[in-house]
Amino acid sequence: MNDDDMVLVISNAPDLLLAKRIAHVVVEERLAACVNLGAPMLSIYTWKGEVEGAEEVPMCFKTTAGRLDALMDAIARMHPYEVPEIVAVPVSASARPYRDWVREQTAPRDEAAQG
């Protein structure tokens, strides 16, 4: 994968306030071009041997492969879960103008100023 290839990152937050905070920080830091926050949903999972359920806010981040590690680190740093879901999915195709916009928005500030 090339550094400028587009990647979707999927995660969940325990509430809307934290989801908004994470989204704001990673967009401001140019780690993601855009973050979509979905309606709260119920997640069912096994944790420490017990089946549990929790309402969570889904988050979908658009970034590039070159910013992926920093984005995942930022999400994990701000997330309260011991093991937060952070899943990256490569984008096999996208509209060229959108792909170019994602690349531009996630370029480090010094590169963006030159472009």
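Along the sequence, the chain follows the order β-α-β-β-β-α-β-α-α, with four helices and five strands. Helices (H or I, at least four residues) and strands (E, at least two) are DSSP runs numbered from the N terminus. The model is predicted: local features require pLDDT of at least 70 and side-chain atom pairs pLDDT 80 or more, while totals for chains, interfaces and linings use all residues. Residues are numbered from 1 along each chain as its sequence is written, and side-chain values use heavy atoms, with hydrogens and water left out.

The C-alpha atoms of the chain fill a box of roughly 50 × 25 × 25 Å along the principal axes. Of the 115 residues, 35% are buried (under 20% relative accessible area; exposed is over 50% and partly exposed in between; 1.4 Å probe, protein chains only). Among contacts (heavy atoms within 4.5 Å) with a separation of 6 or more, 74% join residues 24 or more positions apart. The chain carries 11 positive and 18 negative charges, whose mean positions are 6 Å apart. Lys and Arg count as positive and Asp and Glu as negative, without His and the chain ends; each charge is placed at NZ of Lys, CZ of Arg, CG of Asp or CD of Glu.

The largest nonpolar core has 21 residues, of which Val 9, Ile 22, Val 26, Val 35, Met 59, Phe 61 and Leu 71 touch the most other members. At least two residues of this core come from each of strand 1 (6–13), helix 1 (16–28), strand 4 (50–64) and helix 2 (65–78). Such a core is a set of buried Ala, Val, Leu, Ile, Met, Phe, Trp, Tyr and Cys residues joined through side-chain atoms within 4.5 Å. Beyond its neighbours within four places in sequence, Val 26 contacts Leu 31, Ala 32, Val 35, Phe 61, Leu 71, Ala 74 and Met 78.

In helix 3 (residues 96–106), Arg 99, Val 102 and Thr 106 are buried. Viewed down the helix axis, the buried residues of helix 3 fall within an arc of 60°, so they line one face; the arc is that of the directions from the helix axis to the C-beta atoms. An α-helix has 3.6 residues a turn, so residues three or four places apart point the same way. The buried residues of helix 3 pack against strand 1, strand 4 and helix 2, whereas Arg 96, Pro 97 and Glu 104 are exposed on the other side. Thr 106 has a relative accessibility of 2% and therefore counts as buried. Not counting residues up to four places away in sequence, Thr 106 touches Arg 30, Leu 31, Ala 32, Ala 33, Lys 62, Thr 63, Thr 64 and Arg 67.

Arg 30 lies in the loop between helix 1 and strand 2 (34–37) and is buried at 13% relative accessible area. Its phi is positive, about 65°, although Arg 30 is not a glycine. Lys 48, in the loop between strand 3 (41–47) and strand 4, also has a positive phi, near 55°, but is exposed at 65%.

Glu 85, in the loop between helix 2 and strand 5 (86–90), is partly exposed at 34% relative accessibility. Apart from residues up to four places away in sequence, Glu 85 touches Ile 10, Ser 11 and Asn 12. The C-alpha atoms of Glu 85 and Ala 19 are separated by 13 Å, with the two residues 66 apart along the chain.
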